[in-house]
Amino acid sequence: MKPSRRQFMGAAALGAAANLAKAEVEPQTVPMEDTEQVGDWTFTGVDAAIAEEVRAFLPPKLFDIHAHLYRNRDLGDPCPALTASGPAIVDQSVYRTHLGALTGENPLAGGLYFPYPTKTGDVDAGNNYLVEQVTQGDLVRGLVIVTPKSSPEKMNEYLNHPRILGFKPYHTYAGVPRTFDAALDDYVPEWIWQLADEHGAVIMLHIVRTGALSDPGNQEAIRRLCGRYTNVKLVLAHAGRGFHAPNTINALPRLMDLENIYFDSAAVCEPDTLMAIVKTFGPGRLLWGSDFPVSQQRAKCVTVGDSFSWICPRRIDVDPSAPACHPTLAGLESLRALKLAAYLMDLKPQDLEDIFYKNAMQLLGIRES
Ligand SMILES: [Zn+2]
């Protein structure tokens with residue numbers, strides 16, 4: 001009897017796991033017909049075809065506003081499944097090799113990097129590794145992870161480093177039981193805003209709560225803190241965590257008077273959120289981010305019902321009568337969404353240069369030498 005697609009995939013998963021060690025150095029190239037077997041950190045024929053289509057639209061130079069550099073050994077126990085299945089050490093060269101399979105390596109001109117935040121990881125080790133990494137290369141800058149328990153003196157010292165331009169707070173460090181429901185003040189206490197304000201620093205913010213940017217508490221806090229600390233450059237990661245598009249789209253009119261907020265496109269896989277940002281703020285406030293290593297995850301994040309969901313190979317309809325479907329990498333889905341947004345909004349080549357490069361250079365105050 002012919003095995004069902006799910007039985008087939010179950011057996012194939014074992015083979016795929018054995019192949020993961022090979023992903024250490026090079027993204028593994030897998031023939032198109034085998035794509036049902038493959039996981040994260042691989043590169044298939046389907047990926048290659050989509051990458052080719054996306055590259056044709058990219059401007060010549062890219063500055064990545066959102067990417068993580070890290071060592072798995074600093075990420076705590078258990079190590080997140082995505083990073084555990086990839087290279088143990090992710091430095092700039094590993095980043096370039098893997099992300100370069102999607103975008104081409106040459107266009108990757110610069111980046112703003114930060115550690116990969118986890119609840120049980122070693123924050124100091126991650127930050128110190130990051131600082132070391134961002135001293136190499138020209139258009140390379142970094143953010144350090146800050147938690148409510150961080151020492152303000154130590155954080156001030158980090159910001160005195162010429163290549164450290166701000167902070168990456170994260171909800172998992174909030175001192176509340178369910179951190180997905182944390183209030184902004186729970187994981188970004190006011191002293192962090194004060195310090196960032198004194199340095200004109202970036203805060204890269206991944207907001208939480210079911211309503212994300214539409215949550216009244218989040219909106220009140222963003223308005224209050226951005227209004228009080230006008231030197232802070234607040235980057236709302238993942239388009240304000242606009243994975244459920246209406247959350248961002250409905251909230252934008254209530255934030256449009258704030259002059260110090262920006263949005264990155266990291267891991268946003270549908271065009272509507274990005275289009276609403278461009279429509280409300282113009283192309284000057286949207287910045288491309290890969291969210292590497294999330295870019296290497298074989299998945300697409302979509303608005304579903306009242307929330308969002310990550311559609312990955314194990315969530316594809318496996319009924320034998322369902323159409324064959326080969327998920328691609330989140331980094332490619334996200335570039336495809338930007339491409340579609342640009343097309344539907346009639347963006348000009350200069351707008352794309354801004355979104356992919358110049359907005360970041362200006363935000364970070366980098367002059368080309
Ligand atoms: Zn990220």
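An axis here is a line fitted to C-alpha atoms, for helices over the stretch in contact, and angles run from 0 to 180 degrees between N-to-C directions. Helices (H or I, at least four residues) are DSSP runs, numbered from the N terminus. This is a predicted model: local features need pLDDT of at least 70, side-chain atom pairs count only at pLDDT 80 or more, and totals for chains, interfaces and linings use all residues. Residues are numbered from 1 along each chain as its sequence is written.

Start with helix α12 (residues 271–281) and helix α13 (residues 330–344). Their axes lie 8 Å apart, and the packing angle is about 45 degrees. P271, L274, M275 and V278 of α12 meet A337, L338, L340, A341 and L344 of α13; contact means C-beta atoms, placed from the backbone, within 7 Å. This contact has nine nonpolar residues, no polar and no charged ones. Nonpolar covers Ala, Val, Leu, Ile, Met, Phe, Trp, Tyr, Cys and Pro; charged covers Asp, Glu, Lys and Arg; the others, Gly among them, are polar.

Now find helix α6 (residues 152–160) and helix α8 (residues 190–199). Their axes come within 11 Å and cross at roughly 25 degrees. That makes α6 roughly parallel to α8. Their crossing is right-handed. On α6, the contact uses P152, M155, N156 and L159; on α8, it uses W191, L195 and H199. Five of these residues are nonpolar, two are polar and none is charged.

Conventions:
Helix = DSSP H or I, 4+ residues; strand = E, 2+ residues; numbered from the N terminus. Contact = placed C-beta atoms within 7 Å. Parallel < 35°, antiparallel > 145°, perpendicular 65-115°, else oblique. Left-handed = near helix turned anticlockwise from the far one by under 90°.
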